[in-house]
Amino acid sequence: MTENAQQSLQRIFGYRHFRGHQQAIIERLTSGGDVLALMPTGGGKSLCYQIPALLRPGTGIVVSPLIALMADQVEALQQLGVRAAYLNSTLESSEQSRIERQLLDGELDLLYLAPERLLRESTLALLARTELALFAIDEAHCVSQWGHDFRPEYQQLSLLAERFPATPRIALTATADRRTREEIVEQLALQRASRFISSFDRPNIRYTIDSGGNGRERLWRFLQREHPADAGIVYCLSRRKVEETADWLNDQGRPALPYHAGLDAATRQRHQQRFLREQGLIIVATIAFGMGIDKPDVRFVAHLNLPKSIEAYYQETGRAGRDGGPADAWMNFGLQDVITLRQFINDTDAADRYKRVSGEKLERMLGLCDLIACRRQALLAYFDETLERPCGNCDNCLTPPETWDASEASRKALSCVYRTGQRFGASYLIDVLTGKDDERIRRNWHDRLSTFGIGTELKASEWRQLIRQLLSRGYLETDSDGHGSLKLAQRCRLLLRGEESLMLRKPVKTVKQKRQPSDTLKELAPAQQQLFEQLRELRLEIAREQNLPPYVIFHDATLRAMCLQQPMSLTQMGEISGVGERKLERYGQRFLDRILVQTNGSRATQN
Ligand code: ADP
Ligand code: ZN
């Protein structure tokens, strides 16, 4: 008798229940229908095509843009006893012919390919002679030219519908906005696909957005307090800042590696591999890093610059806490970010429509930053989802920010911009406002202005905050001269005339925030914690023997379950979530032995 989906889930993957829409998606695809699946990172997208590929006759073809990660993905499947392979330019030609033969002989359950490979006429001809179970188009948002993951080849994948009309297709992505969704349908010819859209909430991620000065020091305090030994990602805008930040973290004693497009491919690959294979490493990166990284135990994602849209922010922060355990999305940004990103949009040669859309996206991001209410409610609302109550797990919920009436101070700042001729940047304006004794100010006769020294009630850093918020909210704009000169925007009139007042958020002095206890990662008792460390060590040992990332052997969540349930036999071991048939066979005994030694040991000391 053939297996059904539930049985495969249990036998192969060692999981008892499907999550969210997994089962419905699997049924639809298995019965030959097309699917569009939107699920947040960590939602469990891969099972949605892996199980149907096993249940249907023939091979499932997975289109993925991530050549560098294919070997690990395939290895993880082979560990489960699934007959998986990949074809890409890193393979020797003899190896390629071997895999092609396996494919034709029906010996593969899954084959991973990059889109450019798939689109070659020779590959299409090969597939035409193969029995195909399905096409899975992973990271489908790569069709969108608005996103930073845009891959032109993805737009040619509609050809699959023409050439293989009888083969069901599934497109998957963790990008949630409606525009991208419609682009995927359009570009991939998925008009008839059933759509499964999951909640995008990631309740285990705590959002914090901070705009206090000296971001690096604040990052350091955050790391020391919340993640003294955890693995995580720090995003920066420029290559130089990536390098500097990585050096600085290393000097402070935290192992960190840079990753950006200016490093050669081999170095990037090496750093990525180390991040996956070691424990507690920090990767400092531009947005070039992260797509498809399925490391489940990334405990924090920090931004030292402002992302250019909420989509980008959500996608990048989503790389934290895939295992469902507590994780942080922490960000610090400043005035310069706002200026740089606005300029960046203005300076592109792109069409006006592109500029307008990019500009709107940035404004929405800034709105999120200056928000006083729950961040998660706003984030989800952006993706057309409603969260009834404030989440209790973002900075604004945990430490409600204070506001102050900034109307008077804003008027001072705005009139200072006006009286100095709308030709200067923030630093100069602040010097005038605070009445600094400065050669350049005297030369410009600005020490004689009525606004000279009228702002001594605020510190320079506070003026900077204020100006940033005036810029964010559209009372000020930057000149297109490229020097960050500030000009009055239309909107400031009402404020200047006293017909509008302005309440702004006070910068929060970061306070220690108590974590929500998480169901997924229950606190371990001291003896269990000790066992957990031992099992982690064993896992690392096995991973090294095979040159694999440790989580490919077992996830932290599975090791934790072992510590909590303390199996005494292989049968009991097989009941642990995440221990499927093949892994039980390969590793069950070794982990069991470790558990028995430890529990007997602790019993002996008790006697
Ligand atoms: P995504 O690609 O959506 O980010 P993955 O497919 O990598 O997510 O799945 C995230 C993690 O959740 C993986 O470690 C996977 O093994 C696990 N997972 C997926 N489905 C289930 C399930 N039904 N029960 C338990 N764990 C699951
Ligand atoms: Zn909240």
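**Close-up views of a predicted model**

View 1. Buried here means under 20% relative accessible area, exposed over 50%, and partly exposed in between (1.4 Å probe, protein chains only). This is a predicted model, in which local features need pLDDT of at least 70 and side-chain atom pairs pLDDT 80 or more, whereas totals for chains, interfaces and linings use all residues. Residues are numbered from 1 along each chain as written, chains are lettered from A and ligands numbered from 1 in written order, and side-chain values use heavy atoms, without hydrogens or water. C374, another donor to the zinc ion, is also a buried residue, with a relative accessible area of 6%.

**View 2. Four cysteine SG atoms surround the zinc ion (ligand 2).** The protein donors (N, O and S atoms within 2.8 Å of the metal, or 3.2 Å for Na, K and Ca) are the SG atoms of C374, C391, C394 and C397, placed 2.3 to 2.4 Å from the zinc ion. Angles of 101 to 119° among the 4 donor atoms make the site tetrahedral, a label that requires all angles of four donors to lie between 85 and 135 degrees. Along the chain, the donors of the zinc ion follow the spacing C-x16-C-x2-C-x2-C. Within this site, the pair C374 and C394 links distant parts of the chain, 20 residues apart: C374 belongs to the loop between α15 (352-369) and α16 (375-382), and C394 to the loop between α16 and α17 (395-398). Helices (H or I, at least four residues) and strands (E, at least two) are DSSP runs, numbered from the N terminus.

**View 3. Ligand 1 lies in a shell of 15 residues.** The closest of the residues around ligand 1 (a heavy atom within 4 Å) are Y15, H17, G42, S46 and H555. Helix α3 (residues 45-55) gives the most to this shell, contributing 3 residues. Among the polar contacts (N or O pairs within 3.5 Å), a nitrogen atom of ligand 1 is 2.8 Å from a polar backbone atom of H17, and a nitrogen atom of ligand 1 is 2.9 Å from an N or O atom in the side chain of Q22. An oxygen atom of ligand 1 is 3.4 Å from a polar backbone atom of G43. Of the 560 Å² of accessible area (Shrake-Rupley, 1.4 Å probe) that ligand 1 has on its own, the protein covers 82%.

**View 4. The side chain of D323 meets the backbone of G325.** D323 sits in the loop between α13 (310-317) and β13 (327-332), where D323 is buried at 12% relative accessibility. A polar atom of the D323 side chain lies 3.0 Å from the backbone nitrogen of G325.

**View 5. Q422 and W445 have positive phi values.** Most residues other than glycine have a negative phi. Q422, in the loop between α18 (407-419) and α19 (426-433), has a phi of about 55° and is partly exposed, with a relative accessible area of 25%. W445, found in the loop between α20 (439-443) and α21 (460-472), has a phi near 65° and is exposed at 52% relative accessibility.

**View 6. H446 is placed in the loop between α20 and α21.** H446 is buried, with a relative accessible area of 6%. The C-alpha atoms of H446 and C416 are 9.8 Å apart in space, and the two residues are 30 residues apart in sequence.

Key: Four donors count as tetrahedral if all angles lie between 85 and 135 degrees; four count as square planar and six as octahedral if opposite donors are over 155 degrees apart and all others between 65 and 115; anything else is irregular. A polar contact is a pair of N or O atoms within 3.5 Å; within protein, one must be able to donate a hydrogen and the other to accept it, and residues adjacent in sequence count only if both atoms are side-chain atoms.
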